[in-house]
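Hi,

Here is the structure I promised to pass on.

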Amino acid sequence: MGKVAMGATVVCAAAVCAAAALVVRHRMKSSGKWARALAILKEFEEKCGTPSSKLKQVVDAMTVEMHAGLASEGGSKLKMIISYVDNLPTGDEKGLFYALDLGGTNFRVLRVLLGGKESHVVKQEFEEVSIPPHLMTGFSDVGQDVVGELTKAMERIGLDMRVAALVNDTIGTLAGGRYNNPDVVAAVILGTGTNAAYVERAHAVPKWHGLLPKSGDMVINMEWGNFRSSHLPLTEYDQTLDAESLNPGEQIFEKMISGMYLGEIVRRVLCKMAEEAAIFGDTVPPKLKIPFILRTPHMSAIHHDMSPDLKVVGTKLKDVLEISNTSLKIRKVIVELCDIVATRGARLSAAGIVGILKKLGRDTVKDGEKQKSVVALDGGLYEHYAKFRTCMENTLRELLGEEVSENIVVEQSNDGSGIGAALLAASHSQYIEVEEP
Ligand code: ADP
Ligand code: MG
């Protein structure tokens, strides 16, 4: 008995020793890997850095490119498209109008009853559906005139309707914003994609050779998503994202800012951490390798997780990427990663807005003048990603300073794209008197 017990003890002790050795070796190995994960995070954070000084260079580059794009066709990466909208809605518009808003993610139909000067928007209804993936990448009727196709489709089903205007969503938001507030000078979309439009003095558009419009104004669709500059804090992850995208070399600003890409940037950094620092174990979780699987709404849920054990982070990793049993410290790294990506995007979009204000000479206070400038913002990213929005607005104040900031207002303009499109349709068609159906 004694011997057996003795033997058993020895074996046990040996096993404990072996296990202890294993734990130590595992700790050494994992602490090396952990250090690698933190190094990847730190390097990424440094490369994404947007101190005020850098953002001011981005602001100046944006202003310079705006000038170049207005000077000549093809003069800049910024197309600075002349919209031919030289009159924004006045408030007199009357009648029943429909707007179809086709975005990158959602399709909306709006019906707006306009009552003219006194009553403005009398009634407004809307339906939203997300665009099915097979239609998003479909090829039918691509390259055809949208208005022609829409008119044919309406005739086919016997709808007695006429298309009055085809409007870019940014211009729509500007028009909608102006209708509510005459101080609106620019509109910015932060949604699946990003873009900006603003009201320029027609004589400040050298590439415009036509007659100067009566209003003296011309709305410019910047297509700012295509902005690029050596001052943009690009990382290796942005470069591979771009290279593997459907439009390499294009829309570089958009690829750092907009909802289509933010989650994908996070995924790419996580992939690198999984490969080089084995943060999710010895193999890279297969789902993590799928491009665009981690979407910006997931990222935003992770980023906003305030629970002490980061429960939402755990749930998202499990549901979206099929990664379970993550430690708290890994979850914290992931939240930090989301913060870095969102902060960079938000701060760059603020720099873009300041670039527009600077072009308009509205980035300073002249002789104590209190001229208000309102920027209308629309888009799902701005609407739903609170930390992004807050950071963007704080950065505007940081770049403009207290005194100027008092005169700059950012106005959320939900469904601004669609309402604005309906208003533009109204101001470009005969008034239609209708009974409210
Ligand atoms: P579009 O007009 O191009 O269809 P939207 O303005 O409707 O785009 O915005 C949709 C985009 O907003 C989504 O692609 C997504 O990136 C972003 N988004 C939607 N919900 C959230 C959310 N909860 N958190 C962060 N981003 C979101
Ligand atoms: Mg949209």
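**What I found**

Let's start with E45, which sits in helix α1 (residues 2–47). Helices here are DSSP runs of H or I with at least four residues, strands are runs of E with at least two, and both are numbered from the N terminus. Before going on, a word on the ground rules: this is a predicted model, where local features need pLDDT of at least 70 and side-chain atom pairs count only at pLDDT 80 or more, while totals for chains, interfaces and linings use all residues. Residues are numbered from 1 along each chain as its sequence is written, chains are lettered from A and ligands numbered from 1 in the order in which they are written, and side-chain values use heavy atoms, with hydrogens and water left out.

Back to E45: its relative accessible area is 38%, so it counts as partly exposed. (Buried is under 20%, exposed is over 50%, and partly exposed is in between, with a 1.4 Å probe and protein chains only.) Leaving aside neighbours within four places in sequence, E45 is in contact with E336 and I340; contact means heavy atoms within 4.5 Å. The C-alpha atoms of E45 and R344 are separated by 9.4 Å, although these residues are 299 apart along the chain.

**The whole chain**

The protein chain has 14 helices and 9 strands. Its C-alpha trace spans about 105 × 55 × 40 Å along the principal axes. Of the 437 residues, 45% are buried. If you take contacts between residues at least 6 apart in sequence, 71% of them join residues at least 24 apart.

**A sheet of 3 strands**

There is an open sheet of 3 strands, ordered β2-β3-β4, with antiparallel pairing. (Two strands pair if DSSP finds at least two bridges between them.) β2 (94–102) and β4 (121–130) are at the edges with a single partner strand each, so one side of each has no neighbour in the sheet. From one strand to the next, the twist averages 10°; the axes behind that angle are lines fitted to C-alpha atoms, for helices over the stretch in contact, and angles run from 0 to 180 degrees between N-to-C directions.

β2 is joined to β3 (residues 106–115) by 9 bridges, and K94 stands opposite G115 in β3. Another 9 bridges join β3 to β4, where R111 has E125 as its bridge partner. β3 and β4 make a hairpin with 5 residues between them, and G116 in the turn has a positive phi of about 85°.

**Cores**

The largest nonpolar core has 91 residues, and M222 and W224 have the most contacts inside it. By nonpolar core I mean a set of buried Ala, Val, Leu, Ile, Met, Phe, Trp, Tyr and Cys residues joined through side-chain atoms within 4.5 Å. Helix α11 (residues 328–359) gives the largest share of this core, 17 residues. Apart from it lies another core of 13 residues, including V85, A175, V374 and A376. Not counting residues up to four places away in sequence, M222 touches M62, M66, L78 and I356, among others.

**Two buried threonines**

T194 lies in strand β6 (residues 194–201) and is buried, with a relative accessible area of 5%. Its side chain reaches the backbone oxygen of I189 at 2.8 Å. Beyond its neighbours within four places in sequence, T194 is in contact with residues including W224, G225 and E254.

T395 belongs to helix α13 (residues 386–405) and is buried too, at 2% relative accessible area. A polar atom of the T395 side chain is 2.6 Å from the backbone oxygen of C391. Residues up to four places away aside, T395 touches L55, R347 and A350.

**Around ligand 1**

Which residues are the closest to ligand 1? They are G104, T105, N106, R108 and G380, out of 16 that surround it; a residue counts as near if one of its heavy atoms lies within 4 Å. An oxygen atom of ligand 1 lies 2.9 Å from a polar side-chain atom of T192, and an oxygen atom of the ligand is 3.3 Å from a polar backbone atom of G259. A nitrogen atom of ligand 1 is 3.0 Å from an N or O atom in the S300 side chain. (A polar contact is a pair of N or O atoms within 3.5 Å; within protein, one must be able to donate a hydrogen and the other to accept it, and residues adjacent in sequence count only if both atoms are side-chain atoms.)

Cheers
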